[in-house]
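Please examine the following structure with attention to its helices, its aromatic rings and its backbone angles.

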There are 2 protein chains.
Amino acid sequence: MLGDQLKKIVENTPGAAGAILMGFDGIAIMQHLADDAAGAVDLESTAMEFSFRFMELRRAAAALDMGEVQDVTVRGERQSFVCRALSDEYFVGVLLTDPSFLGKGRFLLRTAAPELLADL
Amino acid sequence: MLGDQLKKIVENTPGAAGAILMGFDGIAIMQHLADDAAGAVDLESTAMEFSFRFMELRRAAAALDMGEVQDVTVRGERQSFVCRALSDEYFVGVLLTDPSFLGKGRFLLRTAAPELLADL
């Protein structure tokens, strides 16, 4: 169920290399890589690296009256990463090698969030 | 010159409360607030809080083969913040109270970057 959701996010986001469900403690629950991305990207390391920083950003935003953080997008020269909090413990992220459809990825994370959370 | 650029970013991004030019050391160079945002948002504190985290994200991304970070977007319930690195020392950010035109803000930061950098 979780795997199907992640697969759907990857398949429906052009340029997506993979999607991952992870705890803010940096422990991966499940991931799905695009066929051509296996071996080419290290999705788990990327998500793990961002898990701590994402949590810090959430704390900072709450202290700053920005309200609860919905999603964080980091656009890099070669890869971009969008992540969305599912709860205080888990988040889902998608890694893209082409940022053209970042918005689509962000939208799919949002729409998949309730179902992912229910399946956790 | 710098002020005009920041003003242009704010005026052309619907929902923008202000734009700021800041060093990664958290020291503000210049800011421009929308007329209705003065007193309502604390742009400098928000940017300062993110300056350190933004720098950390850049370091992490470089180590992860994401390449140089172009921009970072944090979307919160009430406010969103987009920032873009201008150099190793400075970044420009825009704070929005309505995220509908986040993409427009991101685009304007990108197009204004060369001129802002030249005027620094």
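Predicted model: local features only at pLDDT ≥ 70, side-chain atom pairs only at ≥ 80, totals over all residues.

Residues are numbered from 1 along each chain as its sequence is written, chains are lettered from A and ligands numbered from 1 in the order in which they are written, and side-chain values use heavy atoms, with hydrogens and water left out.

Helix α1 of chain A spans residues 2–11; helices (H or I, at least four residues) and strands (E, at least two) are DSSP runs, numbered from the N terminus. Within α1(A), Leu2(A), Gln5(A), Leu6(A), Ile9(A) and Val10(A) are buried. These residues lie on the same side of α1(A), because they cover an arc of only 135° around the axis; the arc is that of the directions from the helix axis to the C-beta atoms. Buried means under 20% relative accessible area, exposed over 50%, and partly exposed in between, with a 1.4 Å probe and protein chains only. The exposed residues Asp4(A) and Glu11(A) are carried on the face of α1(A) turned away from its buried side. Against what do the buried residues of α1(A) pack? Their partners in chain A are β1 (16–23), β2 (28–33), β5 (90–96) and α3 (102–119), where contact means heavy atoms within 4.5 Å.

A pair of aromatic rings is described by the distance of the centres and the angle of the planes. Rings of Phe, Tyr and Trp (its six-membered ring) pair if their centres lie within 6.5 Å; planes under 30 degrees apart count as stacked, over 60 as edge-to-face and the rest as tilted. Over all chains, the structure holds eight aromatic pairs. The ring centres of Phe24(A) and Phe54(A) are 5.4 Å apart with the planes at 55°, so this pair is tilted. It links distant parts of the chain, 30 residues apart: Phe24(A) is in the loop between β1 and β2 of chain A, and Phe54(A) in helix α2 (residues 43–63) of chain A. Phe54(A) also forms an edge-to-face pair with Phe91(A), at 5.6 Å centre to centre and 90° between the planes. Here helix α2 of chain A is linked to Phe91(A) in strand β5 of chain A, 37 residues from Phe54(A). Phe24(A), Phe54(A) and Phe91(A) form one aromatic cluster. Phe24(A) is buried, Phe54(A) is buried with a relative accessible area of 2%, and Phe91(A) is buried with 0%.

The axes of α2(A) and α2(B) come within 11 Å and cross at roughly 170°; axes are lines fitted to C-alpha atoms, for helices over the stretch in contact, and angles run from 0 to 180 degrees between N-to-C directions. The two helices are therefore roughly antiparallel to each other; angles under 35 degrees count as roughly parallel, over 145 as roughly antiparallel, 65 to 115 as roughly perpendicular and the rest as oblique.

Most residues other than glycine have a negative phi, and most peptide bonds are trans. Asp65(A) has a positive phi near 65° and lies in the loop between α2 and β3 (69–76) of chain A. Asp65(B), in the loop between α2 and β3 of chain B, has a positive phi of about 70°. Asp65(A) is partly exposed at 44% relative accessibility, and Asp65(B) at 43%.
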